[in-house]
Each structure stands twice: as structure tokens, then as C-alpha cells.
Amino acid sequence: MPRRPIQLPHRIESLSILDSEGNADPALDPKLSPTELKKLYRAMLLSRRLDERLLRLQRQGRIGTFGPAMGQEAASLGPAFVMKPNDWFIPSFREPAAMLWRGWPMDKIILWWGGHEYGASVPEGVNDLPICVPVATQCLHAAGIAWGCKLKGDPSVAFCFLGDGGTSEGDFHEAMNFAGVHQLPFICVIQNNHWAISLPRDKQSKAPTLVQKCIAYGFDGIQADGNDIFAMIVAAREAADRARTGGGPTLIEAVTYRLGVHTTADDPKKYRSDEEVECWKPKDPLVRFHKYMVRTGLLDDAAVELIEAEIAEEIRQAVERAEKYQPDPMDSFRHTFAEMPPSLAAHAREFLESMAALSSDDGTEQPEPRQLADA
Ligand SMILES: Cc1ncc(C[n+]2csc(CCOP(=O)(O)OP(=O)(O)O)c2C)c(N)n1
Ligand SMILES: [Mg+2]
């Protein structure tokens, strides 16, 4: 009965393509066209500027609590670039870059953070789920969607996003195990931004990497520089190719950093040092991509100025549209089910009746609820 090392079939690699000076490794460069590169740069800048605007709106009391994604734009934009329109995108709450890329109207994102249910209604014709705050619960939905695709013979792939903190939740592990057992077209992207509110990454798991958890579930994984748009594209493309050809799930650990607050409800200075934040600033995905674009002659100051002006106007118009939105209390009942379950329809009817009674009792003007077709 010998004692010998067990040979595990899965190898874990770490991938980085773009350095801090904006040089791409020629052997690994995904070689995108100038048009694709310019589109990606604009998308990354758009997400950053929207975050900055939303922070200001929150400080002015015009939206609710807000969690920015500053510094993490490449980690979601890279996979979004690889997704096909019919693929499923199951976000957490730090993927605005991917949401915008997938075609979510910006005013819906603003409305979501404003607390309006309408912001969670998925645009027509998009296979996406809305922003998900209950940590890691979306992993189960994603695995279920991937299972559904496999059972139906639908070639779509489910791309699921969560944070490093989310990997401590049972939901993440159940989804990973299920996806492995059933060899599902499931790609799970961990945005390891090193913090789960005030809990640092090293208190989240004793494992030296988060990606190595894929080995326990019997499938492949890769650790990618999450602040490197090219590394994220290459890692996501390999994973998608594998999923589309029946090769099963992939876990991607995007190593990134939350440059801003967790949400507008906390003060990171209370739990992390300024030095740590300063250390990450040169690795900012936008700074690096900008350097690459200038270095390769695809952008100059005049071009950036033009894009900035376009983006500023786009955001201004979206804020205007969002603030003109007429809230409807019946929205609390909409947008979750394709067909409303009878129990929910009964709640909706009861709510409508109590609204009507309230208006007639005290003579106050209540917002006019738009009738639900199925309530
Ligand atoms: C199930 C659940 N528990 C707790 C919370 C409160 N909460 C919101 S975000 C968060 C930390 C999440 O950390 P991580 O997964 O690393 O994502 P990040 O915020 O860093 O993007 C917590 C504990 C929640 N939203 N859901
Ligand atoms: Mg985190």
C-alpha cells in the first residue's frame, strides 16, 4: 500500500498581459482591432465617469446608498466583451461596465441605485439578471440557468460574478459543486478586490488563491490580472470556448482592487491604509489601458477630450431621464416572474385595494398605480 502524491488533473495558471506602463506582451496579446479597442476604452471610461456622477448624486441626496466599481472596470468588461448576446449575464453589484456594454440603459442603473424597482427590470431581448446585492445568491441562479441551457440544448453560457467575500457563502460552493457535477456551461468570475467591506482577503480564506477552489469541484480555473483588460478577455474567451464545446465550467479569479468606498455608507480610512490604496493606483485598469492606447497611437489628448465630452452629455441626459421617472408603487410586484404566481397576484390586488382605501379615507393624493395586467 504505497503512499504517493495524488496527481490532480487541473493546473492553475496566473495570466497578465498588459503591464503598468501600458505594454502588452506580444505573445499573449489578444490582438483586437482598433475599432474594438476604442470601443472598449470608451466603455471603461463611461463606467468610471458614471460612478463618479453617482457618488455625487448620492452626496446630494438624489439617490440611495451607492457602491461604486472604480478600479474594477476591466474585470467585468473583459468577460462582457466575450459574451454573445444570447449568453446569460448574472451580475453582483460591481459590474456597471458590463451592464452598459450589454446595453442596459444608463437611466435604469441610476434608478436602481435610487431604489426604484424599475431599475431591476431587464431590458427586452437581453439574457441578463438585474443587480444582486444579497451576497452570492446569484451563483445559484446562474448554475440553474446554465443547467437549463444544457437541458434544452441551448448553446448559451452563463457568466456569473461575485466578490472575494462571496466565496465564503454556502451558495457559491453549492453552485460550484452543481456546475461541476453536471458539467454546465457556467463561468464564475470572482472579483477579488481584496476587501469584503472591512474584512480583508486573508481573513476570508486561508487558501493562497481563491481560484484553486475549482480543483475541489473538478473543473478548470485561471487567475487573471483583473485590472488588465486583455488578460480578462483572454481568460474569459478560453473559458467560453470550453463551455461552448461541452468542456464544462471555469472559475476565473480576477485579481483587482476596490479603489473607492465599499458603499457610500462606509469610510474605508477606518480599516485600510492610504499606502495600500496608493500602491494600487498605478495598476488602475483605466490608467493602464489609456497608456496602451496612447502608446499604440490609437488615442491622443484631442480624441480623449472628445470622448469625455460625449460621455458627460450621455450621463447628463441619463440623469435627467432618471429624475423624470414617475414611480409606480405597483412596480414592487413586477419584473421578477414571467407569469405572476397566484399568491403574489393576490398580494398585488390587496395592495391596490388598500391604496384606494387610503386615498378615499384621508383625502390625500396617492400616486396613480398602473394596473397590473395579471393582478
Ligand atoms: C447574504 C448577505 N450577507 C451580508 C450582506 C451585506 N454585505 C453587502 S456587500 C458585503 C461584502 C461583500 O464582499 P465581496 O463579496 O468581497 O464583494 P465586494 O463588496 O468587495 O464587491 C456584505 C457583507 C449582504 N448583502 N448579503
Ligand atoms: Mg470584495
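In this predicted model, two residues are in contact if their C-beta atoms, placed from the backbone, lie within 7 Å.

Q: What percentage of the contacts in the chain with a separation of 6 or more is accounted for by residues 24 or more positions apart?
A: The chain contains 13 helices and 8 strands. Among its contacts with a separation of 6 or more, the share from residues 24 or more positions apart is 77%.

Q: Why does the radius of gyration of the chain agree with that of a compact globule, and what is its value?
A: The C-alpha trace spans about 80 × 65 × 40 Å along its principal axes. A compact globule with 375 residues would have a radius of gyration near 21 Å, and the chain agrees with this because its own value is 22 Å.

Q: How many Å separate the centres of domain 1 and domain 2?
A: The domain assignment of the chain gives domain 1 as residues 13-324 and domain 2 as residues 329-362. Their contact takes 5 residues from domain 1 and 4 residues from domain 2. On the side of domain 1 that touches domain 2, the residues divide into 2 nonpolar, 2 polar and 1 charged. Taken over C-alpha atoms, the separation of the two centres is 35 Å.

Q: Which strands each supply at least two residues of the shell around ligand 1?
A: Ligand 1 is surrounded by 16 residues, the closest being Val 135, Gly 163, Gly 165, Gly 166 and Ala 196. By class, this shell holds 7 nonpolar, 6 polar and 3 charged residues. The strands that each supply at least two of the shell residues are β3 (158-163) and β5 (195-196).

Q: Is Ala 240 buried or exposed?
A: Ala 240 is found in helix α9. Residues up to four places away in sequence not being counted, Ala 240 touches Val 82, Val 157 and Ile 187. Because Ala 240 has 20 C-beta neighbours inside 10 Å, the residue counts as buried.

Q: How many of the residues of helix α4 are buried?
A: The buried residues of α4 are Met 106, Asp 107, Lys 108, Ile 109, Ile 110, Leu 111, Trp 112 and Trp 113. What covers them includes α1 (34-59), α3 (96-101) and α12 (301-324). Just after α4, Gly 115 takes a positive phi of about 90 degrees. Helix α4 (residues 106-113) is mostly covered, and its buried residues number 8 of 8.

Q: Is Lys 31 buried or exposed?
A: Lys 31 is found in the loop between β1 (13-15) and α1. Although Lys 31 is not a glycine, it has a positive phi of about 50 degrees. Because Lys 31 has 10 other C-beta atoms within 10 Å, and 12 or fewer is the condition for this class, the residue is exposed.

Q: Which loop holds His 194, a residue that has a positive phi although it is not a glycine?
A: The phi of His 194 is about 75 degrees. His 194 is partly exposed, with 18 other C-beta atoms within 10 Å. The residue lies in the loop between β4 (186-192) and β5.

Technical notes. Residues are numbered from 1 along each chain as its sequence is written. Chains are lettered from A and ligands numbered from 1 in the order in which they are written. This is a predicted model: local features need pLDDT of at least 70, side-chain atom pairs count only at pLDDT 80 or more; totals for chains, interfaces and linings use all residues. A residue is near a molecule or strand if its C-beta atom, placed from the backbone, lies within 6 Å of it. Helices (H or I, at least four residues) and strands (E, at least two) are DSSP runs, numbered from the N terminus. Ala, Val, Leu, Ile, Met, Phe, Trp, Tyr, Cys and Pro count as nonpolar, Asp, Glu, Lys and Arg as charged, and the others, Gly among them, as polar. The radius of gyration is taken over C-alpha atoms; the globule rule is 2.2 Å times the number of residues to the power 0.38. Domain bounds come from an automatic or database domain assignment.
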